[in-house]
Amino acid sequence: MTESTFPPVQRITARKGSLGEGMEIARALPTKERRMIGAWCFLDHLGPLQFAPDGGLHVGAHPHTRLQTFTWMIEGEVMHRDSLGSEQVVRPQQVNLMTAGYGISHTEDSLTPGGRIHAAQLWIALPDAVADQPPAFAHYAQVPQWQAQGCAWSLMAGSYGAHTAPTALHSPLIGLEVLAEAAATVTLELQTDFEYGLMALTGGFALEGEAFVHDELAYLAPGRTQLVLQLQAGTRLLVVGGTPFTDKVTVWWNFLGKDLQAIREYRAQWEARDARFGTVEGGEHRRLAAPQVP
């Protein structure tokens with residue numbers, strides 16, 4: 001397949017929203033234009049934000065099912081607590097990976113008031129074969145990092161070239177960050193069976209004659225082996241990809257399920273304080289209520 005026969009690059013503008021406490025987000029997945037990229041089924045860009053002296057991120061206890069939550073910190077420190085008893089601070093250049101499986105609940109809080117925060121929060125859909133596994137939590141204080149093509153590279157998930165990230169996954173995926181302090185032209189090596197999404201968390205980039213500003217997602221269908229990008233100075237580029245996900249997935253609120261009936265059951269169990277989701281120590285009175293299912 002020649003470059004001229006590739007499907008056109010799809011442009012997706014992230015939806016703006018808020019998590020409260022002045023915490024602005026840009027949601028690139030899921031959107032009406034695209035629900036998933038590989039098994040990546042959720043992508044929120046948080047910040048960058050400077051909190052007021054007494055402010056911070058405080059997300060009350062909430063549940064998840066049949067997915068992994070994946071937090072990549074850029075600035076700031078966030079305390080993760082979950083119903084397994086895990087208590088872990090995630091710091092810049094570190095990954096928190098929580099596997100919800102059958103069911104889990106957790107809270108997220110700024111470590112100190114008045115700080116800054118900048119992060120990417122993603123979810124990974126679990127394949128049916130392992131979706132109802134017991135919940136688990138892992139923290140990765142170090143991921144592969146290297147310098148190439150005038151940029152700093154960090155591999156959060158999957159493999160790239162000679163590098164393999166330690167994150168425990170259940171689908172073929174990649175999660176990569178490319179940071180360009182100065183303007184740079186970069187060649188990305190791609191897997192032909194992967195679809196990809198590229199988003200500038202800061203700065204902007206151009207590919208195949210099209211310019212993308214920060215919080216615009218460029219989607220590429222499978223087929224390419226390489227991609228040449230022009231990165232503006234100060235660009236922090238997030239690259240996610242994977243083989244197209246084939247299992248049926250329904251996403252609603254914080255749940256993934258096979259269908260809407262399963263989602264209704266999860267919601268009822270959460271509202272009834274069912275043991276399925278456990279309890280986060282210290283989060284008993286900061287519990288988020290689930291909205292009504294459509």
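These legends walk through a few close-up views of the predicted model.

Residues are numbered from 1 along each chain as its sequence is written, and side-chain values use heavy atoms, without hydrogens or water. Local features need pLDDT of at least 70 and side-chain atom pairs pLDDT 80 or more, whereas totals for chains, interfaces and linings use all residues.

**View 1. Helix α1 from end to end.** Helices (H or I, at least four residues) and strands (E, at least two) are DSSP runs numbered from the N terminus. The expected span of a helix is 1.5 Å times one less than its number of residues. For the 12 residues of α1 (260–271) that gives 16 Å, and the end C-alpha atoms are 16 Å apart, so the two agree. After the helix comes R273, whose phi is positive, near 60°.

**View 2. The buried face of α1.** Buried means under 20% relative accessible area, exposed over 50%, and partly exposed in between (1.4 Å probe, protein chains only). In α1 the buried residues are A262, I263, Y266, R267 and W270. Looking down the helix axis, these residues fall within an arc of 140°, so they line one face; the arc is taken from the directions from the axis to the C-beta atoms. An α-helix has 3.6 residues a turn, so residues three or four places apart point the same way. The cover over this face includes β5 (58–64), β10 (104–110), β25 (250–252) and β26 (255–257), where contact means heavy atoms within 4.5 Å.

**View 3. A salt bridge between R286 and D109.** A salt bridge is a side-chain nitrogen of Lys or Arg within 4 Å of a carboxyl oxygen of Asp or Glu. Here the closest N and O atoms are 2.8 Å apart. The pair links distant parts of the chain, with R286 in the segment after α1 and D109 in strand β10, 177 residues apart. R286 is partly exposed at 30%, while D109 is buried at 6%.

**View 4. A salt bridge between E177 and R236.** The closest N and O atoms of this pair are 3.0 Å apart. E177 belongs to β17 (173–180) and R236 to β24 (235–242), so the bridge ties together parts 59 residues apart in sequence. Both residues are buried.

View 5. The side chains of E87 and R81 meet in a salt bridge (3.3 Å, N to O). E87 is exposed at 54%, and R81 is partly exposed at 26%. Elsewhere, R11, E210 and E216 are joined in a network of salt bridges. The structure has 12 salt bridges in total.
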